[in-house]
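This briefing is intended for a reader who has the sequence and the model at hand. Please keep both in view while reading the points that follow.

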There are 2 protein chains.
Amino acid sequence: MLAEQSPFAMKLGAFVSLSGDELSTMELLQSRRKKFAAGREILHQGQSKKTAYILSSGWVCSYKLLSGGARQIVDFQIPGDFLGLRSLLFRSADHNIEPVTSVEVSEVQATDLLEAFRKSPRVGTGLLWAASRDEAMLVEHLVGIGRRGAKERVAHFLLELGARLKLVQLSTPLGYACPLTQNMLADAMGLTAIHVNRVLRELREDRLATFQHGMVTIHDFDGLVAFADFDKSYLDHEGPLLK
Amino acid sequence: MLAEQSPFAMKLGAFVSLSGDELSTMELLQSRRKKFAAGREILHQGQSKKTAYILSSGWVCSYKLLSGGARQIVDFQIPGDFLGLRSLLFRSADHNIEPVTSVEVSEVQATDLLEAFRKSPRVGTGLLWAASRDEAMLVEHLVGIGRRGAKERVAHFLLELGARLKLVQLSTPLGYACPLTQNMLADAMGLTAIHVNRVLRELREDRLATFQHGMVTIHDFDGLVAFADFDKSYLDHEGPLLK
DNA sequence: CGTCGGGTTGATAACTTTCAAATTTCGTGG
DNA sequence: CCACGAAATTTGAAAGTTATCAACCCGACG
């Protein structure tokens with residue numbers, strides 16, 4: 001009910017209803033603020049600094065590089081998302097994290113997290129839900145690259161992003177601001193930037209969706225959902241059973 | 001040190017050294033034995049039966065189906081692996097699990113798991129490690145489908161399987177028994193069975209590896225590693241930091 | 001004003017699928 | 001134990017999708 005809720009609280013709040021106490025626990029988690037400029041690496045493959053972050057504003061991407069120089073973007077993170085949870089748990093990171101835009105994050109130490117769980121199990125529940133949702137998205141990403149055609153894949157991606165952004169009030173059914181370049185999109189979709197460009201043009205010509213000038217516009221939501229075979233159920237679990 | 005250790009204990013034991021007590025805790029987890037015939041569905045998308053399993057013998061696969069009928073296999077599980085951990089935590093499963101061969105599993109309830117964690121934090125640590133390793137494999141799978149050529153991808157897959165099987169003594173550097181069909185391989189790799197067949201032939205002709213008659217034979221391990229750009233570090237974390 | 005990264009388009013090449021069909025292997029019932 | 005049918009493997013040829021190469025345009029920025 002607060003006018004100024006953090007995206008993190010908005011996101012978890014969409015899943016578990018949070019008391020005032022719980023909200024302040026979450027805000028407390030986000031007290032160590034930091035900024036990174038676009039392109040300034042946050043986490044590097046093999047790095048062992050054991051910090052995680054909550055993203056407050058801006059977008060980041062996590063990716064892996066192959067020896068040949070190719071890059072596969074594993075996921076994008078948007079405000080409210082948790083970054084580097086695994087790097088907190090393990091000796092060294094197995095992927096890179098880099099801001100897409102300039103970003104604002106809050107550093108989270110392992111101890112902060114444990115303390116938050118202790119004070120409010122529901123925050124832990126929410127995080128567990130978020131982690132599981134991330135894994136479901138990863139699986140869906142795999143399915144898309146493995147078995148969807150390029151056009152369906154991109155369409156599906158645009159819809160997924162929209163659904164995610166809606167949770168933090170950064171999207172409407174009409175569209176959303178999207179700072180990604182076609183190159184990043186390509187590295188995420190397992191395509192070439194050139195081909196992504198063509199696919200986007202086709203989607204535009206089909207009057208389904210437009211992605212231009214940093215703005216995604218959905219022209220025909222139902223049509224796009226049907227075309228992409230988008231089933232959003234993997235995005236909104238009804239909640240974990242363990243508390 | 002036991003001659004007859006369960007694959008599950010062997011696998012976790014490769015990561016955390018386990019006391020006799022801990023070993024028996026793990027064996028206790030595996031007391032509710034069950035068998036499934038090949039092809040007999042274990043878990044169905046949307047299903048809400050809240051049980052997980054530890055796989056003792058045989059192979060299973062988890063996959064998703066698209067509306068067009070296409071199938072993407074997300075992962076194969078081999079003896080010692082945990083099945084359906086997420087379906088234990090959440091209301092309903094978002095993927096299917098099906099035995100590849102006839103299998104023997106042990107049913108695990110949420111309460112069993114919590115009890116095991118309570119009795120032996122190290123078992124919990126081990127499971128956390130296993131879950132994280134699974135996620136790392138998922139990411140690597142995504143990278144492979146997105147950015148590796150078909151031949152490199154299949155080669156990489158054969159090496160990964162070998163490394164996983166070695167942990168439970170089902171593989172040597174020379175090769176291993178593999179009950180997968182070229183069709184399954186195709187659905188896992190995001191390729192056509194026909195193309196998988198050609199790729200396997202090429203790998204054989206290159207004297208790198210052979211997969212025939214349910215048997216994978218590695219002819220030139222180093223050559224295969226080099227060709228596939230296989231870096232096994234994502235498979236052997238040195239261990240979680242939280243206990 | 002010139003450079004540079006991103007976007008756009010066309011032509012060509014490479015890779016993968018699709019379609020068709022023959023062959024082999026495997027599981028099951030007789 | 002054999003025979004049979006179904007499933008899996010194998011190969012060829014043609015079609016389709018996506019990548020690669022080459023240019024050009026444009027706006028941001030020093």
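Two strands pair if DSSP finds at least two bridges between them. Helices (H or I, at least four residues) and strands (E, at least two) are DSSP runs, numbered from the N terminus. The model is predicted: local features need pLDDT of at least 70, side-chain atom pairs count only at pLDDT 80 or more, and totals for chains, interfaces and linings use all residues. Residues are numbered from 1 along each chain as its sequence is written, chains are lettered from A and ligands numbered from 1 in the order in which they are written, and side-chain values use heavy atoms, with hydrogens and water left out.

**Strand S2 of chain B and its partners**

- B:Ile54 stands opposite B:Phe82 in S5(B).
- Two bridges join S2(B) to strand S5 (residues 82-83) of chain B, and the two strands run antiparallel.
- S2(B) is also joined to strand S7 (residues 103-108) of chain B, by five bridges and again in an antiparallel manner.
- Within S7(B), B:Val108 is the bridge partner of B:Ala52.
- Five of the six residues of S2(B) (residues 52-57) are buried, so the strand is largely enclosed by the rest of the structure. Here, buried means under 20% relative accessible area, exposed over 50%, and partly exposed in between (1.4 Å probe, protein chains only).

**The hairpin of S10 and S11 in chain B**

- Strand S10 (residues 209-212) and strand S11 (residues 215-218) of chain B run antiparallel and are joined by four bridges.
- The two strands form a hairpin with two residues between them, and B:His213 in the turn has a positive phi of about 55 degrees.
- B:Phe211 faces B:Val216 of S11(B) as its opposite residue.
- B:Ala209 belongs to S10(B) and is buried, with a relative accessible area of 3%.
- Among the residues that B:Ala209 touches are B:Leu158, B:Leu203, B:Thr217 and B:Leu224, not counting residues up to four places away in sequence. A contact of this kind means heavy atoms within 4.5 Å.
- B:Ala209 and B:Ala155 are 54 residues apart in sequence, and their C-alpha atoms are 8.0 Å apart in space.

**A buried lysine in chain B**

- B:Lys64 lies in strand S3 (residues 60-65) of chain B and is buried, with a relative accessible area of 7%.
- The side chains of B:Lys64 and A:Glu140 are joined by a polar contact of 2.6 Å. A polar contact is a pair of N or O atoms within 3.5 Å; within protein, one must be able to donate a hydrogen and the other to accept it, and residues adjacent in sequence count only if both atoms are side-chain atoms.
- B:Lys64 touches residues of chain A, including A:Val139 and A:Tyr234, and residues of chain B, including B:Gln45 and B:Asp94.

**Helix H4 of chain A**

- The buried residues of helix H4 (residues 110-119) of chain A are A:Ala110, A:Leu113 and A:Ala116.
- They lie on the same side of H4(A), because they cover an arc of only 125 degrees around the axis. The arc is that of the directions from the helix axis to the C-beta atoms.
- On the other side of H4(A), A:Thr111 and A:Arg118 are exposed.

**The surface near DNA strand C**

- Of the 15 residues around DNA strand C, those that come nearest are A:Gln182, A:Asn197, A:Arg198, A:Arg201 and B:Ile194. A residue is near a molecule or strand if one of its heavy atoms lies within 4 Å of it.
- A phosphate oxygen of DNA strand C is 2.7 Å from an N or O atom in the side chain of A:Arg201.
- A base oxygen of DNA strand C is 3.2 Å from an N or O atom in the side chain of B:Arg198.
- H8(A) gives the most to this surface, with four residues.

- Of the 15 residues around DNA strand D, A:Ile194, B:Gln182, B:Asn197, B:Arg198 and B:Arg201 come nearest.
- Of the atoms of DNA strand D that come within 4 Å of the protein, sugar and phosphate account for 71%.
- A phosphate oxygen of DNA strand D lies 3.2 Å from a backbone N or O atom of A:Thr192.
- H8(B) supplies the largest share of this surface, four residues.
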